[in-house]
Amino acid sequence: MVVGAFPIAKLLYLGVRQLSKPVANRIKATARTSEFFRNYVCLPPAQLYHWIEMRTKMKIMGLRGSTIKPLNEDAAAELGAELLGETIIFLIGGGCMVLEYTRQSVNSRRKEEELNETIVGLQTELTELKLTTETLDAQLREFNRVLQSFPVSSKK
């Protein structure tokens with residue numbers, strides 16, 4: 001993993017992870033005390049979670065048709081605040097993963113482009129060398145033809 005190669009990036013990543021828990025705890029504390037958060041953010045997801053959990057448990061135990069009583073307001077607010085806190089931590093962790101994936105993609109794309117540029121440069125150089133070789137070969141054949149056209153004198 002490239003994060004290990006760059007201590008600053010790893011330090012930043014760990015800092016974000018460590019800060020996410022106090023931020024989530026602060027938001028949970030606000031959610032417990034604020035009426036708006038309590039009634040519109042914490043209670044509905046908590047009641048839904050409780051209903052799904054109880055429905056699943058009843059189906060597993062074979063109990064059908066039982067009505068599920070909603071949680072009291074304090075328990076629902078506490079459960080909703082916990083769900084909100086866990087959601088925030090999950091979103092921050094997911095965001096860190098997405099950022100790391102994006103960074104890795106950019107790095108690999110950059111390396112691939114550099115490799116392609118190197119390959120294109122080598123192919124161009126090879127083409128130029130082939131052309132030079134063909135030119136030199138043609139000149140050599142011309143020199144040989146000219147040399148063979150001179151009369152050979154025999155000295156005795």
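Mentor: A residue is called buried when its relative accessible area is under 20%, exposed when that area is over 50%, and partly exposed in between, using a 1.4 Å probe and protein chains only. The structure is a predicted model, in which local features need pLDDT of at least 70 and side-chain atom pairs count only at pLDDT 80 or more, while totals for chains, interfaces and linings use all residues. Residues are numbered from 1 along each chain as its sequence is written, and side-chain values use heavy atoms, with hydrogens and water left out.

Trainee: Why is F36 called exposed?

Mentor: The relative accessible area of F36 is 53%. The cut-off for exposed is over 50%, so F36 is exposed.

Trainee: What makes F37 partly exposed?

Mentor: F37 has a relative accessible area of 28%. That value lies between the limits of 20% and 50%, so F37 counts as partly exposed.

Trainee: Why is the pair of F36 and F37 called edge-to-face?

Mentor: Rings of Phe, Tyr and Trp (its six-membered ring) pair if their centres lie within 6.5 Å; planes under 30 degrees apart are stacked, over 60 edge-to-face, and the rest tilted. By this rule there are 2 aromatic pairs. In the pair of F36 and F37 the centres are 6.3 Å apart and the planes stand at 75°, which makes it edge-to-face.

Trainee: Why is the pair of F36 and Y40 tilted?

Mentor: The ring centres of F36 and Y40 are 5.4 Å apart and the planes are at 40°, so this pair is tilted. Y40 is itself exposed, at 60% relative accessible area. Through these ring pairs F36, F37 and Y40 are linked into a cluster.

Trainee: How do you know that F36 and Y40 are separated by about one helical turn?

Mentor: They are 4 residues apart in helix α2. Helices here are DSSP runs of H or I with at least four residues, strands are runs of E with at least two, and both are numbered from the N terminus. An α-helix has 3.6 residues a turn, so residues three or four places apart point the same way.

Trainee: What makes the contact of R103 and E100 a salt bridge?

Mentor: A salt bridge needs a side-chain nitrogen of Lys or Arg within 4 Å of a carboxyl oxygen of Asp or Glu. The closest N and O atoms of R103 and E100 are 3.1 Å apart. Both residues lie in helix α3, 3 residues apart, about one turn of the helix. E100 counts as buried, at 16% relative accessibility, whereas R103 is partly exposed, at 27%. The structure holds 7 salt bridges.

Trainee: What makes D137 and R141 a salt bridge?

Mentor: Their N to O distance is 3.3 Å, and the limit is 4 Å. D137 and R141 are 4 residues apart in helix α3, about one helical turn. At 52% relative accessibility R141 counts as exposed, while D137, at 37%, is partly exposed.

Trainee: What distance separates the closest N and O atoms of E142 and R145?

Mentor: The distance is 2.4 Å, and the two form a salt bridge.

Trainee: Which residues make up the largest nonpolar core?

Mentor: The core has 6 residues: A24, A31, C42, A81, L84 and I88. A nonpolar core is a set of buried Ala, Val, Leu, Ile, Met, Phe, Trp, Tyr and Cys residues joined through side-chain atoms within 4.5 Å. Helix α3 gives the largest share of this core, 3 residues. The buried residues of α3 include A81, L84 and I88.

Trainee: Why is L91 called exposed?

Mentor: L91 has a relative accessible area of 56%, and exposed means over 50%. L91 lies in helix α3, and its C-alpha atom is 9.5 Å from that of S20, 71 residues away along the chain.
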